[in-house]
Structures are given as C-alpha cells and as structure tokens.
Amino acid sequence: MLTERELESCYLGQFIPVHYHHNMLMDNRRMSGFKAAITHLVAPGAKVLELGGGTGVLSWFAAAQAEKVWCVEYNPDLVAEAKRFLAQNVNGERVEVIQGDAFEYLPPEPVDVVICEMIHVAMLREKQVQVIESFKQRYLEKFGGPLPLFIPEAMIMAVQPLQQDYCFEGYNAPIVQFQEPTFIQTGSVELAQPSVYSMLDFTQAVNPQIAWEGVFAIEHAGTVNALRFVTKNILAVNMQQSTTIDWLNHYLVLPLAEPVSVQAGDQLHVSLAYKAGGSIPSLQATMRAQHLHVVEAEWALQSKHLAVYA
Ligand SMILES: C[S@@+](CC[C@H](N)C(=O)[O-])C[C@H]1O[C@@H](n2cnc3c(N)ncnc32)[C@H](O)[C@@H]1O
C-alpha cells in the first residue's frame, strides 16, 4: 500500500501536471529535435502511435505526414487540452486523442512509428523504459513482428565528477539541481571528463536495472562533492547522412554524501546503481566516490577475510 507521499511523488514524476507543459512547449532544443526526428521518420501515409501525448504537439508534428495518429494520454486534463489545441491546428483531425494508460493501450492496427517522450535526465522518475518494454511485448503478442520504429531510438547516459558551489549568500546547501546544457555554469568545476555509464537501445530488450563502476582520471585539484548526470537522446538515426538527430536533457547535478579531495593525476573510483523510473534519492543513495587505492585496499582486505573463512 503506497503512502500519500509516495502517491504524490508518483503522480508528479509520471503524470506531469498541465502547468508544466508550457515549459516543455517552450524548450526549443526539445521541440526542434523531436520535430526534425518525426519529420525524418514518419513517411507520407504512415500510421503513428504516441504514448504519453501531453498537449498533443508531437502527435501533431507526425500528422503533417501521417494518415492517422493515435495519441494516448493518462491525465484527463491534458486529454481535454490536447483535443482543444488539435482542433485549432491544420491536420489536427488526423490525431485521435485517447484517455488511457500507456501500460495497457494498443492501437487497433499495426503502426509504423511509436513516439514516446516520458524522459527525465538519467531516465529517473518517468517510466519510459517500462512503458516501451511493456508495449513491445503486448504489440508482438497482438500483431506479431516487425516492431515499429521508436522515437527516441536510443539513449546515452554519462556521469562526471564536479566541484559544485553550494554556497547561497553564505548559506551552505548541497542540493539537487538542474543545469541548462547551453549555459556556462560558473558554479561548477569539471574535475574530470564525463564517462558513459549506460546506453539504452529501444530496438533491443532494455533492462531497467542500471549499475556501473568506473575510474576517472582527475584533471584538476579540488573537492569532488557532486556528480553531474548527462543524458543524450538519439531521437532518430539518419542513415543516408550518417548522422543522428539528438536532444540533450538538462543536466542533473547531485551532491555526494561524502565529498573527496583530489589532486590532478589521481584516479577516482565512482559507483552507482538504480532502476530506470526510480526516484532521484534512489540514485543518490548508491552514489560513491573514493580514491582508487582506497577501493583496492578495501577489496584486498575483503579477499583476505574471505580466504580466512574459506
Ligand atoms: C514528458 S510529458 C511529454 C508530453 C508530450 N509528449 C510532449 O512531448 O510535449 C509525458 C506525458 O506522458 C503522460 N503519461 C505518463 N505516464 C503515462 C501513462 N502510463 N499512460 C499515458 N500517459 C502517461 C504524462 O501525463 C505526460 O503528459
């Protein structure tokens, strides 16, 4: 049984309230990326399904070429808004808005393209991975193969050690923050290059469990007190031009429970584990950064203990 607090966090994480959708419509990098990918992948006369349609904007991009678009949205307030907006836009009648759960809905006939934007940086909170995996299984049972194309097709996720300024007018508050990738972040010192920790390819089965450990070559002296999470969505692959149409999410910067002082040339061991769709604190709770020699010493000690008990 979920507590009221858990229910609220589920609602805000998965079913974003209407007033937040204006920010999404205003996000030029997101909008232009999806528009380009949809224009590239939706052929004239195609059948398209959107899972989590929100205001209906991505379905409407698809309707410029598609014969029919099914747009599934759970939140009834957004269903009403999407219908109202589509009625005001040319080709809007090609989009059928359905109030339903993306975990259950299947279109009445096979589709060529599925659009799904339930994407949070680091694939936290929103249920993109679970929704797509559930869809693929149910779609294959109902229609057989092949599977439709997915927008986005894949995701690349990276992590970077930072020295982050958490001093606000003298008040120290190591707090979760989001950063606009195109802005210069004066409060962030990048102490090492980012490292890719996970790649999700929706043409393959995707495991929601993400676990990683790796070693960073520290480039500058400082204190690693935060990890920056970077998520690049490969919205579409343009095979003819050997290019991709991408969308970079806002960065997520999470403070480390135990900061580490480092010198240039040090090797920093970082580990993390979480489930896609999980909460931000569920990732934070597993984040560790330590000097590599400390980790090796701990391992040596553990192996010695194991040898004694063997
Ligand atoms: C990030 S928003 C994107 C909205 C829209 N596609 C856009 O790009 O502007 C994700 C949408 O998915 C909807 N959603 C989340 N989980 C859902 C589910 N299980 N079934 C249907 N809709 C869902 C949310 O209500 C929200 O409108």
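Begin by selecting the five strands of the open sheet, which run in the order S3-S2-S1-S4-S5 with parallel pairing; strands here are DSSP runs of E with at least two residues, helices are runs of H or I with at least four, and both are numbered from the N terminus, while two strands pair if DSSP finds at least two bridges between them. The edges to colour are strand S3 (95-99) and strand S5 (149-151), each of which pairs on one side only. From one strand to the next the twist averages 20°, where axes are lines fitted to C-alpha atoms, for helices over the stretch in contact, and angles run from 0 to 180 degrees between N-to-C directions.

This is a predicted model, in which local features need pLDDT of at least 70 and side-chain atom pairs count only at pLDDT 80 or more, whereas totals for chains, interfaces and linings use all residues. Residues are numbered from 1 along each chain as its sequence is written, and side-chain values use heavy atoms, with hydrogens and water left out.

Next, select strand S1 (residues 47-51) together with strand S2 (residues 68-73), which pair in the parallel sense over 5 bridges; Lys47 has Lys68 in S2 as its bridge partner.

Helix H3 (residues 28-41) lies across strand S4 (113-116) and S5, running at about 165° to S5, and helix H5 (residues 76-86) lies across S2 and S3, running at about 165° to S3.

In one of them, the ring centres of Phe135 and Tyr139 are 5.2 Å apart and the planes stand at 35°, so the pair is tilted. These two residues are 4 residues apart in helix H6 (residues 128-143), and therefore separated by about one helical turn. Phe135 is buried at a relative accessible area of 0%, where buried means under 20%, exposed over 50% and partly exposed in between (1.4 Å probe, protein chains only); Tyr139 is buried too, at 1%.

Trp212 and Phe216 form an edge-to-face pair, 6.0 Å centre to centre with 65° between the planes. Trp212 counts as buried at 15% relative accessibility, as does Phe216 at 3%.

Technical notes
Phe/Tyr/Trp six-rings, centres within 6.5 Å; stacked < 30°, edge-to-face > 60°. Contact = heavy atoms within 4.5 Å.
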